[in-house]
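Try each task before you read its solution.

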Amino acid sequence: MPTGTHPPLQRDASQPLAGQLAERYAQRIRERLLLPGARLPSVRDCARQHGVSPHTVVAAYDQLQAAGMLEARRQRGFFVRDTRPAPATARRPAGTMPRQAPVDATALIRGMFEADAARSPGLGTLPADWLDPVLLQSALRRLSLADSLPLQVSYGDPSGDERLREALSQRLADLGIHASPAQILTTNGATHALDLLIRTHMQPGDAVLVDDPGWAVIFARLTQAGIRLLPVPRNAHGPDLGVLAALAKEHAPRAYLTVSVLHNPTGHSIDLATAHRLLRLADEHDFMIVEDDSYGFLAPEHLPRLAALDGLRRVVYVSGFSKVLTPAWRVGYLAAAPERLAALTDTKLLDGLTSSAVLERAVALCLEQGRLRRHAQRLRERLAQARQRVATLAAKQGFKWAAPPDGLFGWLDAGVDTERLAQPLLDAGWLTAPGALFSATRCPGSLMRVNVATSQDPAFWRQLRASVDAIRGPAVTP
């Protein structure tokens with residue numbers, strides 16, 4: 001419950017709680033009731049004062065930072081910015097490092113766009129030189145043929161390019177997921193698919209189970225939609241089903257959003273026994289499961305998918321191609337039961353009419369030719385070598401893994417607070433991903449996500465060792 005003299009936020013209003021809280025502070029800043037340099041309450045204090053979760057406060061402060069009204073100062077808190085026009089400054093050259101370590105998902109993503117991939121152990125994708133430009137160029141050349149002209153002068157099918165949906169149906173069959181082309185809806189990337197699901201099947205005030213650790217972008221999107229997060233710890237076998245069952249019994253969640261295969265950030269994959277028990281809990285407590293398989297092309301096909309075991313009854317399957325093909329082609333999709341798909345298609349139409357028929361046909365050509373499958377196999381082999389090298393480099397500097405690297409990521413224990421560690425590493429030219437970014441409750445700790453494809457330079461591991469030792473200070477001898 002809110003404390004003090006603050007009027008309560010309206011939980012039944014159309015505007016999410018984070019937006020209401022942000023507007024409340026924005027109004028006080030505009031009216032000069034909060035002057036430049038004024039310090040806002042800490043996240044925990046603000047959450048207690050207004051009777052909301054800490055993540056709601058983080059989302060509100062993020063909105064105020066995006067509006068230029070607030071700034072975060074390292075280890076000091078959040079302060080009102082001077083909103084007077086600043087003198088023009090030179091634009092930072094492309095490929096140079098951002099100057100502030102990532103303190104939230106938006107900052108990490110912005111840093112990924114600005115930084116040099118070769119010096120970005122915190123990167124969430126493969127570096128460009130691991131991709132196959134010849135494959136992309138071949139598909140685009142074929143699109144220039146006369147029979148592709150209709151794609152280039154029309155909106156296309158709202159459900160997505162028919163040839164792509166046919167190719168995806170075959171791809172899903174290879175994973176044991178039986179979905180006809182009519183059960184597949186294409187989207188502008190996997191994140192767009194998740195957004196459509198949130199907007200179509202969830203309402204402000206709903207409770208939703210999420211992986212913890214998990215992807216901060218999803219936490220932020222759910223919170224901005226006014227949805228309550230129910231964090232479920234992840235372990236080597238999958239979600240902690242004891243915690244999940246207790247949360248489901250107490251809160252009657254609407255859905256569970258999870259990455260079952262090559263989980264981001266730990267790299268763990270759910271085992272078969274846990275998957276079957278999870279589906280029984282979904283039936284018992286009547287919640288939908290959204291299975292995000294964005295890293296599926298980097299995993300062996302034999303790993304269990306919830307959608308295959310469930311037959312798309314309660315599970316909606318989401319995936320895309322940015323992690324394996326190119327992030328420049330924003331092509332994703334979801335597969336669902338027919339009764340769910342009509343409403344999702346309507347949301348897509350209202351959101352942006354259709355997705356890109358041209359890019360979807362290009363992806364279809366990559367799938368049909370079998371060249372994408374071969375490219376994915378080469379990536380898996382190269383990643384296996386990268387994991388071995390990174391494991392050796394980490395061990396040489398005395399570091400241990402909370403979860404051994406698998407797929408693209410490793411979950412490293414640095415031994416000190418990795419949020420505190422991020423800035424000196426950035427000052428040295430290395431962009432990292434502190435573990436707190438993947439915590440649904442922004443819990444600090446010693447863990448960090450490491451991209452094995454961008455962490456093969458021994459100089460990074462030497463700098464990591466030096467930065468950790470600097471934070472710890474000199475050893476005290478008895």
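**Exercise 1.** Which residue of β12 does Lys400 stand opposite?

*Solution.* Lys400 stands opposite Asp413 in β12. Before going on, note that this is a predicted model, in which local features need pLDDT of at least 70 and side-chain atom pairs count only at pLDDT 80 or more, while totals for chains, interfaces and linings use all residues. Residues are numbered from 1 along each chain as its sequence is written, and side-chain values use heavy atoms, leaving out hydrogens and water.

**Exercise 2.** Work out the order of the strands in the open sheet of 4 strands.

*Solution.* Step one: find the elements; helices (H or I, at least four residues) and strands (E, at least two) are DSSP runs, numbered from the N terminus. Two strands pair if DSSP finds at least two bridges between them.

Step two: strand β11 (residues 400-406) is joined to β12 by 4 bridges, and the two run antiparallel. Their hairpin has 2 residues between the strands, and Gly407 there takes a positive phi near 60 degrees.

Step three: β12 also pairs with strand β14 (residues 447-451), in the antiparallel sense, over 5 bridges. Here Gly410 stands opposite Val450 in β14.

Step four: put together, the order is β11-β12-β14-β13, with antiparallel pairing. The edge strands are β11 and β13 (433-434), as each pairs on one side only.

**Exercise 3.** Why is strand β12 described as largely enclosed by the rest of the structure?

*Solution.* Start with the term: buried means under 20% relative accessible area, exposed over 50%, and partly exposed in between (1.4 Å probe, protein chains only). In β12 (residues 409-413), 4 of the 5 residues are buried, so the strand is largely enclosed.

**Exercise 4.** Which residues touch the most other members of the largest nonpolar core?

*Solution.* A nonpolar core is a set of buried Ala, Val, Leu, Ile, Met, Phe, Trp, Tyr and Cys residues joined through side-chain atoms within 4.5 Å. The largest one has 83 residues, and Phe321, Leu325, Trp461 and Leu464 touch the most other members. Helix α15 (residues 371-396) gives the largest share of this core, 8 residues.

Now look at Leu464 and its contacts (heavy atoms within 4.5 Å). Not counting residues up to four places away in sequence, Leu464 touches Phe399, Leu412, Leu421, Leu425 and Met448.

**Exercise 5.** Is Ser169 buried or exposed?

*Solution.* First locate Ser169 in helix α7 (residues 162-174). Its relative accessibility is 16%, so Ser169 counts as buried.
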